[in-house]
Amino acid sequence: MNASIGKPRPLFDFHGGIHPPQNKELSNQRPIRQAPLPEQLILPLNMHLGAPAKAIVQVGDTVLKGEKIAEAQGAVSLPVHAPTSGKIVAIGPRPIQHPSGLDAPCIVLEPDGKDLWCELHPLPDWQTCCPPSALVARLREAGIAGMGGAGFPAAIKLSPKPEHKIDQLIINAVECEPYITADDVLMRERAEQIIGGIEILRHILKPKEAIVGIEDNKPEAIEAMRRAATGTGIEIAVVPTKYPSGGEKQLIYMLTGKEVPSGGIPAQIGVVCHNTGTTLAIYRAIVYGEPLVSRITTLTGKALAEAGNFEVLIGTPVASLLKAAGADMDKIGRLVMGGPMMGFTLHSTAIPVVKTSNCILAATEQELPAPATEQPCIRCGSCADVCPADLLPQQLYWYAKNQDLERAQQYNLMDCIECGACAYVCPSHIPLVQYYRFAKGEVRNALQEQQKADRARVRFEARQQRLADEQAEKEARRKARLQGSKASAAPGVDMAALKAASLQASAAYKAAVKALKAAEVDGRDQLAALTSEVEQLKAKADAAKAAVRDAGNAPAAPVVDVAALKAASLAASAEYKAAVKAMKAAEAAGEDVSALRSAADALKAKADAAKAAVRDAGPAIQTAAPSSASAAVPEKSDDTAQRAQKMKALKTAYNVSHKQFKEASAALERAERDGSDNLDELRKQVERFKLKSDKAKEALNLLVDQAKADIRASGSDLKSLKIEAAQTEAAARQKARELDAAKINGDDQRINVLTRELEALKREAEVAAGALKAAIDEQGLADS
Amino acid sequence: MTTILLAVAALFALAAVFGALLGFASEKFRVEGDPIVDQIDALLPQTQCGQCGHPGCRPYAEAIASGEEHNRCPPGGETTVVALSELLGREVLPLDAEEGSAGDVKRVAVIREDECIGCTKCIQACPVDAIVGAAKLMHTVIADECTGCDLCVEPCPVDCIDMVEVAPTLNTWHWQRPPGIGSKPSNQIPVVNL
Amino acid sequence: MSLITVTSPHTTGQRNHTGAFMRQVIYATIPGVAVLTWLFGWGTLFNLIIAVPAALIAEAAVLKARGRDVRFALSDWSAVLTAVLLAIAIPPTSPWWLIVIGIVAAIVVAKQLYGGLGMNPFNPAMVGYVVLLISFPLEMTRWIAPHEAPSWFDSFRMVLASANVDAITGATPLDSLRTWAGNAEQLASQPILHGSFAGAGWEWVNLAFLLGGIYLLARKIISWHIPVGMLAGMALIALPFWLADDVRYASPLFHLFSGAAMFGAFFIATDPVSAATSRYGRLIYGALIGVLVWVIRSNGGYPDAVAFAVLLMNMAAPTIDYYTQPRSYGHRKAKRGASR
């Protein structure tokens, strides 16, 4: 505050803060030294905040110093440049400066020792040569990130939204963290260049004021900066030493009395804040055209014999720097990148220095002792007294510990700047910052989950809508078809009326069945009468159904009404089931059941026929189900299409006859058991059906083989064969499962049926597998 | 007599005035709350996995609203049960999940693409359309959209779909909760690389 | 070499242990204890000698039963502090069993049953005190007349509960005030009410605890909000009543230097675990305790009221915190608690 620069700026004191031992004299006693060139430079693609850069070089490329080797991806991202000339030896994951210990993609550069610059494009006449926006673009291309903290791309801060009028440009030279002296010595040695950088920033932002905030524990730096700033109108403001006065928000409040709104950015209150090192990098990027390839890093800690500040190439591994600073590796107890209050521990010495690495602290065990055991919080409030954001850390701790994220946010968890003042003073050694980081991470994850859930909901609903639309469309098509078929159908047959009649009949039948059952329970007085009534009704319902079916079937040749058929089929099978039930009831009641049984059998046949009809009409629906077998072989020549049609018909025929055969066998068995008379007739019937089904099967097999041969001959796609093989196999598996289930239930008849079916399917699968193999052999393909 | 009449009249007048006021207030300050189903749906994790026995989260939300128990969402875990209990004012029930179902681990489906035969069965099963592919062509899962619901695993005829745990990345990693009272929050890592 | 990975900050302050915190509070009671011993004999010291081991044993037993690390938990000195505060609060004539019952109530019931240090909603020492006051009103209100301290042997016999203590007991200033309030003649003739500047003898006790309190403030062990709030609240409510009717009501000065006023303001109400935690919250919390103390002293059934006032306000502390969140950086207004 000396009088030569006019009246001192009034300072606003922020709440809280602490005064940890400074330990700055360890490293600020020597001038900046050049760090030796390491054997390898490791350049992480995400040194900055935002999207990682994308490598544009390949392993084996030779690059010159300053050449771009990775380019920015998206708006919040920065390119990476080669810090020296050499060869790219690897691009891949390496340990990086992240507390998780996870590896991240890096470009590894082997220096050739020549340190040859590529061609640079300096702009010494930046005041006149180009508009500010061109300068900002230049800074972005130079890869300049904030060098004090998070590494936010500088260019973004320099292009504030038009509605944000910038009043103050603040240069953060406070350096309030203990141990770190990088900005201190930088200001002592290169004050002119820093002031030059500030002039460029003023040119770009046109603020009313430009203020450099320096803590009062750096008298030499203050002196040097004041000398360099003379006559420029840049104000050097000295702030009292108090941690964390170098926090962006705290510094802005101290110098202007304005607070950055929660969740907002300084530009909203007309302030842009840059770090000293960034300012210097900006100067060099514009005036010399140099991209950001090196920085000043403090190497300090009591495990180092020659602590001090080094000019370090970005990408230099920490191990190489430790050697240069005379580290006693055995004495290092904790290796921190950054300062002791906000830095993070390194898990490897292979981690490189990046654009944001202002300090490497190699501390001995005595210097930074291992953390003590956590004790219970006694709510002493020391933390609240020192919190620079004026939070209630004791409450936040409570809610973070119990994962009560909602309450934690109510207590402004997200406004915590993680400065560590609370944990520094906590008498119970509670790792408060870790609790807050945990809770913040959980909050962020929960937010992401919520966003993902919202997206999933939208997608789910869209899918439901799509399916519904498809359904509706199908319905419409079906209606249209029905109209068409009605028009062409025999006139006079009113399908709707028939259907209604049928439904009525079956409803009456069902009611009768119910009544019968009730009567049975009551004591079966009029059981016989009821039974006959039921049968009558059933017959009526059957007749109605048959009429419906006939009416539907009559014009079925060109276009079949699948829906109607399906309904009929369902109705038929429902009838069958009802009949069986009635039969069982009767059986239980000890009545004569033969009539009922035959009725049930008849119904069964009817239901099967209806099903078959539905299947016949299949192709119409089959197209809608792309996974079904027919769709697996779409779009064929007319010839094959015809064959497919034929195959389908045969299959149906086979199925029907096979079913009939099975029914007949079952009937026969029953008859045998009961000692019935007409055994011979039944036997004949069985024979007949068997013959029929065998014939159909043969014809079908022939056709199938033909088709397969065709496919083979045409050297057709293996994929469809593969699919067929897989599908038959899957079907066989499915059947096997069913069989197992049946075995557990002990249903003999079902087991028999299933066993036969399974065998058939297995055969089919074998055939398919054989065909596939043959095809593969034919095409001379090796298959694993 | 007049007094009584007056009193009755006054009472009626008062009743009318207050009634009008109340009516006005109920119109004027009506709370435009979300229907309860939306609120429940917002709390469900939207995996659409069907483990609750409903075809999707929204149907389950509707079922909860009409009285079904709110502890049948394994992907949501205890957190969801607690949140639903708070919303509905119901008792917190223990999660109704099968033993050993890993609730906390996030998973996504991954198709072993060499083995995929392009049958489209998984595409039909996916409730959020997170699988792309065409018939007879290889399919793949859009990992960002996959909710880890498992529904595509069963239909696959060649068993080429795996549920893979999502590893933390630099963007999703965060510090773990400290071990608590009576322990030290640090890790010793032996370092060989010097 | 091996590296440690841990969250920042990597360095911590000097005065940095909960146990040290508690010990400082214990040291700050020394002047008060000295004056109590000078005025009332060795009883207070005997109380301390019984209370501290009793508290440690009780705490260790419960911790063991809860399966906790006993050594670690005892190292925070909180049990010792509770014992010291309770030993000071109860009369120096108390028999040993009275102290032990009070300690068990304080440590086992008020503290450990609620989850141990940091979890107790009520001030453990005051819970112990109130349990005794309600259960054993006679023993708990038997104070020796100041400057008539018995010999250490008599005190020892009192502790063993084998001495007749009634002979040497007398009314405290607050007792006398409660008995004779409104009777100007009697008030004037009670020597106990007329010490150097407040109640005889007790003004020195309070002065000594004030001294200890100032030490705590200077060492930043406690913040000024609660004591200042409490003393100001008490004085401010006493003042108008005293001005209006100085026969019925005592002066603010008398209130400030009687009974457990200073002890309560600096050592009891400041127990951080059970107090309000925000700055304004603590001021309000203290002030309300002060008002309650005056109300109970002037109108209640007990001569002193610090214990009741503190326990009542313990219950209100969460609500106070709810409404007194500070305005955080970057927020225009302070949030009013965790609203739902």
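This passage describes a helix crossing and a sheet in chain A, the contact between chains C and A, and the make-up of chain B.

The model is predicted, so that local features require pLDDT of at least 70 and side-chain atom pairs count only at pLDDT 80 or more, while totals for chains, interfaces and linings use all residues. Residues are numbered from 1 along each chain as its sequence is written, and chains are lettered from A and ligands numbered from 1 in the order in which they are written.

In chain A, helix α2 (residues 132-141) and helix α4 (residues 182-205) have axes that come within 9 Å and cross at roughly 130°. Helices (H or I, at least four residues) and strands (E, at least two) are DSSP runs, numbered from the N terminus. Axes are lines fitted to C-alpha atoms, for helices over the stretch in contact, with angles from 0 to 180 degrees between N-to-C directions. Angles under 35 degrees count as roughly parallel, over 145 as roughly antiparallel, 65 to 115 as roughly perpendicular and the rest as oblique; α2(A) and α4(A) are therefore oblique to each other. On the α2(A) side the contact is formed by Pro132(A), Leu135(A) and Val136(A), and on the α4(A) side by Ile200(A), His203(A) and Ile204(A). Residues are in contact if their C-beta atoms, placed from the backbone, lie within 7 Å. By class, this helix contact has 5 nonpolar, 1 polar and no charged residues. Here Ala, Val, Leu, Ile, Met, Phe, Trp, Tyr, Cys and Pro are nonpolar, Asp, Glu, Lys and Arg charged, and the others, Gly among them, polar.

Chain A also holds an open sheet of 4 strands in the order β2-β8-β7-β4, with antiparallel pairing. Two strands pair if DSSP finds at least two bridges between them. The edge strands, β2 (41-44) and β4 (62-63) of chain A, each pair on one side only. Strand β4(A) is joined to β7 (residues 86-95) of chain A by 2 bridges in the antiparallel sense, and Thr62(A) has Lys87(A) of β7(A) as its bridge partner.

The contact between chains C and A takes 35 residues from chain C and 54 residues from chain A. On the chain C side, β1 (2-5) and α1 (18-28) each supply at least two residues. The most comes from β1(C), with 3 residues. This side has 13 nonpolar, 19 polar and 3 charged residues.

Chain B has 5 helices and 5 strands, in the pattern α-α-α-α-β-α-β-β-β-β along the sequence.

Technical notes: Two residues are in contact if their C-beta atoms, placed from the backbone, lie within 7 Å.
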